[in-house]
Amino acid sequence: MRDSSRCVSEKRAEKKRMRQAYKAIREGLLPEDKARFDACIEKALLDSMSVRYSGKILAYASLASEVETMKFCRKVLAGGRELYLPKSYPGGIMRFFAVGSLDELEKGAFGVLEPRESANEYVPSTQKPDFCLVPGICFDVYGYRIGYGKGYYDRFLAHFTGVAMGLAYEACVCRNALPIEKRTDKPVDFIVTEKGINKRVCP
């Protein structure tokens, strides 16, 4: 029988390799293609029932090569919706705080724009399911993802009871299962790409 720690180390090495490969794919998109894909993804999000009928909306400020989220966030705020963005803390902890304007954001530890810590911290809705956008370098059709390796979203999703939707470009969605660690890796409910929204496949 193979040693379990060896299996874990092999999976993490494979994740690292895939992380580099899919980051290269994402960073290799032509600017005009990326802009077109981003617009398609934003429209799919705004048209989705999950966003329209959600309680609170949890999003994030995208980095340069990620699917662009700032326009989506601005439209959420313009529509008078409750928007929450994450702030990271040591130990892989992530907390969401309400945002009234994107001008309030400041750079955090990883160069990501974050909200200021405030008393208006995210508390789950009691009447409508909340909605959470989830970043990832790549996803598989089962909803699992490879992120940046810090585990922030996996820890958060372990206790999130709303709808989680991953954002990715079609070229970064794997048809085969990713090398996951079931004890710690948590899947999203849907994946949206420039080709539309797909519900995760149940294995």
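## Helix 2

Helix 2 spans residues 31-47 in this predicted model. Its 17 residues reach 24 Å from first C-alpha to last. That is close to the 24 Å expected at 1.5 Å a residue.

The buried residues of helix 2 are Lys-34, Phe-37, Asp-38, Ile-41, Glu-42, Ala-44 and Leu-45. Seen down the helix axis, they fall within an arc of 160 degrees, so they line one face. An α-helix has 3.6 residues a turn, so residues three or four places apart point the same way. The face turned away from the buried side carries two exposed residues, Glu-32 and Lys-43.

Leu-45 has contacts beyond its neighbours within four places in sequence. Its partners there are Val-51, Phe-72, Phe-131, Leu-133, Met-165, Leu-167 and Val-192.

## The nonpolar cores

The largest nonpolar core has 46 residues. Leu-45, Leu-83, Leu-102 and Phe-156 touch the most other members. Helix 4 supplies the largest share of this core, with five residues.

A second core is separate and has ten residues. Among them are Tyr-22, Cys-138, Cys-174 and Leu-178.

## An exposed loop residue

Ala-109 sits in the loop between strand 4 (106-107) and strand 5 (113-114). Its relative accessibility is 71%, so Ala-109 counts as exposed; the cut-off is over 50%. Val-123 lies 14 residues from Ala-109 along the chain, and their C-alpha atoms are separated by 24 Å.

Notes:
Residues numbered from 1 in each chain as written. Predicted model: local features only at pLDDT ≥ 70, side-chain atom pairs only at ≥ 80, totals over all residues. Heavy atoms only, no water. Helix = DSSP H or I, 4+ residues; strand = E, 2+ residues; numbered from the N terminus. Expected span 1.5 Å × (residues − 1). Buried < 20%, exposed > 50% of the residue type's maximum accessible area, 1.4 Å probe, protein only. Arc of directions from axis to C-beta. Core = buried A, V, L, I, M, F, W, Y, C linked by side-chain atoms within 4.5 Å. Contact = heavy atoms within 4.5 Å.
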